[in-house]
Amino acid sequence: MENTKPKRILSMYQSTGTFTLGNYLGALRNHIGFQNEGYECLYALADLHAITVRQEPANLRKYTLEAYAFLLAMGIDLEKTIFFIQSHVPQHPQLAWILNCYTQFGELSRMTQFKDKAQKHADNINAGLFTYPCLMAADILLYQADFVPVGADQKQHVEIARDIAERFNGLYSPTFTVPEPIIPQHGARVMSLQDPTKKMSKSDGNNNGCISVLDDADTIMRKFKRAITDSEACVRYSEEKPGVKNLMEIYSCITGKTMEEIQREFEGKGYGDFKPAVAEAVIGELRPIQERFQEIMQDKEYLRRCYKENAEKASAIAHRTVAKVMKKVGFLPED
Ligand code: TYM
């Protein structure tokens, strides 16, 4: 029998607010599926990344706990998967510091997310925002992840993690697994409903452009009915129709229908039929998860036990990598 170790998958999610439909379709839903496909999966909430932008302490706590409960409600199976909170595992900032010293200023300056966020938060361009990719590289490399599933916006960060891993391996000897990104074919970039040239984002000032996974049915319906489309009034997939294209991709992700099938379904019908149909699909998809989420949130003791045990499991793996790295770099051992 072939003796192959299962491939390891790691991904993380910022807990700066309630997850968006973009997070859900572009990331969460696909990622959880990997636990049933023979991979060893690790997922975490990136709360250390969250503070690169100023957070209200009470909100950060609330959103982190809710995000933990939401992913459990989606079906993360803790028998198979390690699911933890980044700030509970001290090896993340520990390795991040070391990796800072193996990453160039020029490389970090080229990161598009840094440029975007620096523009958005011009009054708080802190060092953490700049070195964010080193922390993300640490997240990935600590666990020797083979694959990192992410939405298209995070691809550049996985690439820099690869570069850092290769550089360190080259300077010393093979230490880190060089990770590969996995980007979904559909849903990799869910766009704002109000400005379909921008990705749907929690930090989107325009709330009507962003569906939160905890929005109630009426809110979801209202936001979809107000979605920006065009004056052609025809459900057709085209780069020139970014609003309709985005709605079609959302609909396709949830129903599994191809673009041709969707075009046929709405032939001769206008956006007055199409938009509520997309909203209904989203509502139907989220409803059972929202119900489970409410139940899980009732049991804070259960939640606490889960994230504590999982941080211990993650830390045991992360510790092995940090010990190896420290030895190679030349730190004097404690004992
Ligand atoms: P974050 O928290 O912004 O997003 C979490 C995941 O959701 C994806 N995503 C989207 N996909 C499609 N359409 C959208 N509109 C959309 N918005 C977000 C993201 O691509 C991501 O996969 N830096 C990361 C978090 C992180 C991480 C890591 C990821 C920290 N450490 C290690 C992977 C590995 C971030 O801010 O994602």
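A cavity is a set of grid points where a 1.4 Å probe fits but cannot get out. This predicted model holds two cavities of 30 Å³ or more. The model also has a ligand with a shell of 26 residues, and its second largest pocket has a volume of about 350 Å³.

**Ligand site**

- Among the 26 residues around the ligand, Gln14, Tyr132, Asp139, Asp153 and Val190 come nearest.
- On its own the ligand has 710 Å² of accessible area, and the protein covers 97% of it.
- β1 (8–13), α1 (21–33) and α7 (127–142) each supply at least two shell residues.
- The shell divides into 13 nonpolar, nine polar and four charged residues.

**Serine 15**

- Ser15 sits in the loop between β1 and α1.
- Ser15 counts as buried because its relative accessibility is 0%, and the cut-off for buried is under 20%.
- The Ser15 side chain makes a polar contact with the side chain of Thr64, at 3.1 Å.

**Largest cavity**

- The largest cavity contains about 60 Å³ of space.
- Its lining consists of Gly17, Thr18, Phe19, Tyr63, Glu66, Ala67, Phe70, Val213, Leu214 and Phe293.
- Helix α3 (residues 57–74) gives the most to this lining, with four residues.
- By class, the lining of the largest cavity has seven nonpolar residues, two polar and one charged.

**Second largest pocket**

- The second largest pocket has about 350 Å³ of volume.
- Residues lining this pocket include Gln91, Gln94, His319, Val322, Ala323, Met326 and Lys327. Phe331, Leu332, Pro333, Glu334 and Asp335 are also among them.
- α4 (91–100) and α13 (300–329) are the elements that give two or more residues to the lining of this pocket.
- The largest share, five residues, comes from α13.
- Six nonpolar, three polar and three charged residues make up the lining of the second largest pocket.

Notes
Residues numbered from 1 in each chain as written. Predicted model: local features only at pLDDT ≥ 70, side-chain atom pairs only at ≥ 80, totals over all residues. Heavy atoms only, no water. Near = heavy atom within 4 Å. Areas by Shrake-Rupley, 256 points an atom, 1.4 Å probe, with all protein chains shown as cover. Nonpolar A, V, L, I, M, F, W, Y, C, P; charged D, E, K, R; others polar. 1 Å grid on protein atoms, 1.4 Å probe; cavity = no way out; pocket = protein on both sides within 12 Å on 5 of 7 lines; lining within 4 Å. Points joined across faces, edges and corners; volume = space filled by probe spheres on them. Buried < 20%, exposed > 50% of the residue type's maximum accessible area, 1.4 Å probe, protein only. Polar contact = N/O pair within 3.5 Å; in protein donor to acceptor, adjacent residues only side chain to side chain.
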